[in-house]
Amino acid sequence: MVLRKLPGVSASGMGLRLSQKFVFLLFLSGLVTLCFGALFFLPDTVRLKRIFLSKNENPAVTVGHDNELSKKVPGDPEHQRVALKGARTVERSVGSRAQEEWSPARAQEPAARDERVTSAAHNGERGSAYSYEAFKSCLLKPALGRNQGTPPDSETLQRREKVKEMMTFAWDNYKRYAWGNNELRPLTRNGHLGNMFGGLRGASIVDSLDTLYIMGLMEEYEEAKEWVQNNLDLNSNGEASLFEVNIRYVGGLLSAYYLTGAEVRFRLICLGEKLLPAFNTPTGIPRGVINLGSWSWGWASAGSSILAEFGTLHLEFLHLSQLSGSPLFTEKVMNIRKLLNKIEKPHGLYPNFLSPVSGNWVQHHVSIGGLGDSFYEYLIKSYLMSDKTDQEAQKMYYSAMEAIETNLVQKSPGGLTYVAEWRGGILDHKMGHLACFSGGMIGIGADDGPAGQRQHYLDLAAEITHTCHESYSRSATKLGPEAFRFDAGAEATATRLSDRYYILRPEVIESYMYMWRLTHDPKYREWGWEAVEALEKHCRVDAGFSGIRDVYASTVSHDNMQQSFFLSETLKYLYLLFSDDDLLPLEDWVFNTEAHPLPVIHKRCLQEHSATQDHGQTNLE
Ligand code: DMJ
């Protein structure tokens, strides 16, 4: 029509022939389509995208009812209405790309099931009847021991007091300079929010709740609890790491609930619900990033999912199901396990990257350190947390261990046992600091492997822990580097400048703690004390604790960051190392990967949620 010849206007009115006009228009329309299409590939944070693609096209996750919920009584009709409103908006949370990849039938299913979480949890059904008292009566021993785990000998007691003083110092400075922020910057004396938790704040507070309680720092615990009660806003916008929110916030709140009876159950369930849209992928393998806010694009971020991230949800999600009465959380993680069980594994190994769209491995990099680590940890801990009934997890863990031993475990020329990384069949003779948790993991798994393997696993655990201690003792600061190598003449030392830093990580101390509990060999307490002295000497600054940039430099340079896991893990494991074994006994508790203790679900006590409702513990809400 546009090209029809108009009266008085020649075909070459603009100096163009009809065919040229046609080509020009074709080009122009192509360009417009391309530009508009490109909007879909912009990161979610780009303002242009938000302007052009209105919220109505990609309805938001508006589970903004948490605060409302927390003020209402379960069973109250208004409470139920608000809860259901939240559930329905979860249903609409799948972003445009998700909708393209999902068939309508499949997309319907999880949404309908999401609704069950909220209704089961808040409708006065099974979940509301969860009994804290019944849970407590199922523990084999008192959580804090007969005497708060106080060790009988004065030297150990003094060491434990020192660790408690370090916690007080770290906490006081966080409180003074960074209250409500995620972490403290101890040199500049201010707070740090970062981008791992979306808009969530107070990571150091949530991560510290149980440590403060275990150490008997009750005044500080009360402050932390009050902040969670009044200021922890679960409705904040921003892209968060599913893994980090789960291990720190969900894990931290679960521990606070189970240890103290603090009533955070509904907040936990609400937070759990906010994580569910991440699972709306063709395979059910969650994306790594989730928007907790009210304008979510669903899961627009592209890329593959990481084994250590989607494989580190099981413990917390099982407890979310226990507390909510909804099987949905368990179903989500069991689906992940089902896929991992089915998929072919190169040499029995689990590569670190998997496509949530195709369900295939993306590349063949295998590591028991970063990207892989806590997946293996959660297999054995799922088995232990199930009171040794989860035989599938048991089988998967020991088969994975067998493959790791066959393909990755090495002995250096100097006789140090280490776990190398594997890149498509080629070994990288490097071990990350993160991989040092594996001494403890292999230790706690020693009892339940194939017949006759117990001593073998205990020996392997001890050897790996020894190697990790060597990585500390071979540095000038007596703290270990981020990664150390066993090639080109190196033996447990970092050869690259970029691997020399230490960010207050816990993994080596974590293994000392487990090995102490398993063997009572005094060397583990000595090694722990060496770490305390090194932390005091090199990481303690005027206003908190800081990571350092080079463990081999005798004059240290600080990175100005007091990580929240220092409060949650490093100091907690040190405190437990210098305590009696009856403080959080391993028969009753497993630690999540952020060191938050979660109770074993004893088989005789699997809650049917039929017990009398227990509203006695309402400390937080
Ligand atoms: C913690 O956040 C967790 O232990 C996680 O599994 C990986 N490592 C950091 C501390 O190093």
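Start by selecting Ser305: its bridge partner in strand 6 is Leu354. Strands here are DSSP runs of E with at least two residues, while helices are runs of H or I with at least four residues, both numbered from the N terminus. What you're looking at is a predicted model, where local features need pLDDT of at least 70 and side-chain atom pairs count only at pLDDT 80 or more, while totals for chains, interfaces and linings use all residues. Residues are numbered from 1 along each chain as its sequence is written, and side-chain values use heavy atoms, with hydrogens and water left out.

Now show strand 6 (residues 353-354) together with strand 5: they run antiparallel, paired over two bridges.

Zoom in on strand 11 (residues 421-423), which pairs with strand 12 over three bridges in the antiparallel sense. Pick Trp422 there, and you'll find its bridge partner, Leu427, in strand 12.

Now jump to the ligand. Select the residues around it, meaning those with a heavy atom within 4 Å: Phe243, Ile247, Arg248, Leu434, Arg505, Pro506, Glu507, Phe565, Glu569, Thr593 and Glu594. Colour this shell by class and you get five nonpolar, one polar and five charged residues.

Which helices each supply at least two residues of the shell? Helix 11 (242-260) and helix 22 (564-577) do, and helix 11 gives the largest share, three residues.

A polar side-chain atom of Arg505 sits 2.7 Å from a ligand oxygen. Glu594 also places a polar side-chain atom 2.7 Å from an oxygen atom of the ligand. At Thr593, look at the backbone instead: a polar atom there is 2.7 Å from a ligand oxygen. To finish, compute the cover: on its own the ligand has 290 Å² of accessible area (Shrake-Rupley, 1.4 Å probe), and the protein covers 92% of that.

Technical notes
Polar contact = N/O pair within 3.5 Å; in protein donor to acceptor, adjacent residues only side chain to side chain. Nonpolar A, V, L, I, M, F, W, Y, C, P; charged D, E, K, R; others polar. Pairing = 2+ DSSP bridges.
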